Amino acid sequence: MLIIAWEVTAACNLHCEYCRASATEEPDKDELSTEEALHFIDEVAPLSPMIILSGGEPLLRPDIFRLAEYASGKGIRVALATNGTLLSDPIVEKIAGSSIRRVSISLDGIDPDTHDASRGRGTYERTLMGIETLRDEVPFQINMTITRKNFHQVEAMMDLAEDLGAVALHLFFLVPTGRGREEELITPGEEEELLHRVASESERRTMEIKVTCAPQYARIAGGGSKKMGSSCLAGTGFVFISRRGDVCPCGYLPVVVGNVREKSFIDIWENSPVLKELRARDLKGKCGECSYRRVCGGCRARAYAYTGDYLESDPLCSFGEE
């Protein structure tokens, strides 16, 4: 299934220090209008994708539930990615009524000190309050961005996510784009060790555990059904649409391959030279020589962030090094 992450707005009530979108308090003046957004949904409906409504904070877009309901009516599976701080009873009722299938909530630490350090004072408690409001109403998952500040808390986050009633925990390994900084990254050795720990933990957990932006996990997990390991999906099974209609292979790989205001999405998806290169996997450096090139392929966004070339090696991979 094609997954489309759609940045519906730049507006956000938080100012997270490693925000991919470099979100702001106000919407971007050039965001897709309601009419343009509905037309985009019509265009992608024949592909039967899953659309993740993201931002910014998507709940700040006034027509967000109209878009969700319209997409659901077209047979599209719709998810919502939120920071969780705006989840009141009326909002949760609207989410449930709009046929949104799952809500992902960002939680980057097991305590206020860790989470609030990157997302702002008081956000941990407000996020937990939002989760409690959502609980038992709409299935939700926890999204945790892995940085130097919190990578030691992963197992404890699994415990917390299970206690909160989450159906899944998705671990996002930081890519230094937007407001993300290289100094927040864990080392290649730390990533390798952490991925082995995650693989071991996933064997004994009933909750879905998925790793994103660390395709090396596919090599470590060995294709186990519970471990949710896969190669880099950028431009293959995943694509990103910006608030202005720009199409990129993923939200962390800011290479614009077209704009839905100028060309049909299906034309861009099927004919973009960049997307064709990513699918061909004719990679450079040690990623190109690696026996796991097809299974893993390295993170194309991280390669681009470090080298300016999305076909270069993933600098966070230590496989094959002494």
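This is a predicted model: local features need pLDDT of at least 70, side-chain atom pairs count only at pLDDT 80 or more; totals for chains, interfaces and linings use all residues.
When neighbours within four places in sequence are left aside, the residues in contact (heavy atoms within 4.5 Å) with tryptophan 6 include Leu32, Phe40, Ile52, Leu67 and Ile241.

Most residues other than glycine have a negative phi, and most peptide bonds are trans. The peptide bond from glycine 55 to glycine 56, however, is cis, with omega near 15°, and glycine 56 is found in the loop between β2 (50–54) and α2 (64–73).

Serine 48, in the loop between α1 (34–44) and β2, has a positive phi of about 50° although it is not a glycine. Aspartate 136, in the loop between α5 (123–134) and β5 (140–146), likewise is not a glycine and has a positive phi, of about 75°. Buried means under 20% relative accessible area, exposed over 50%, and partly exposed in between (1.4 Å probe, protein chains only). Serine 48 counts as partly exposed because its relative accessibility is 47%, whereas aspartate 136, at 75%, counts as exposed.

Residues are numbered from 1 along each chain as its sequence is written, and side-chain values use heavy atoms, with hydrogens and water left out. Local features need pLDDT of at least 70 and side-chain atom pairs count only at pLDDT 80 or more, while totals for chains, interfaces and linings use all residues.

Key: Helices (H or I, at least four residues) and strands (E, at least two) are DSSP runs, numbered from the N terminus.
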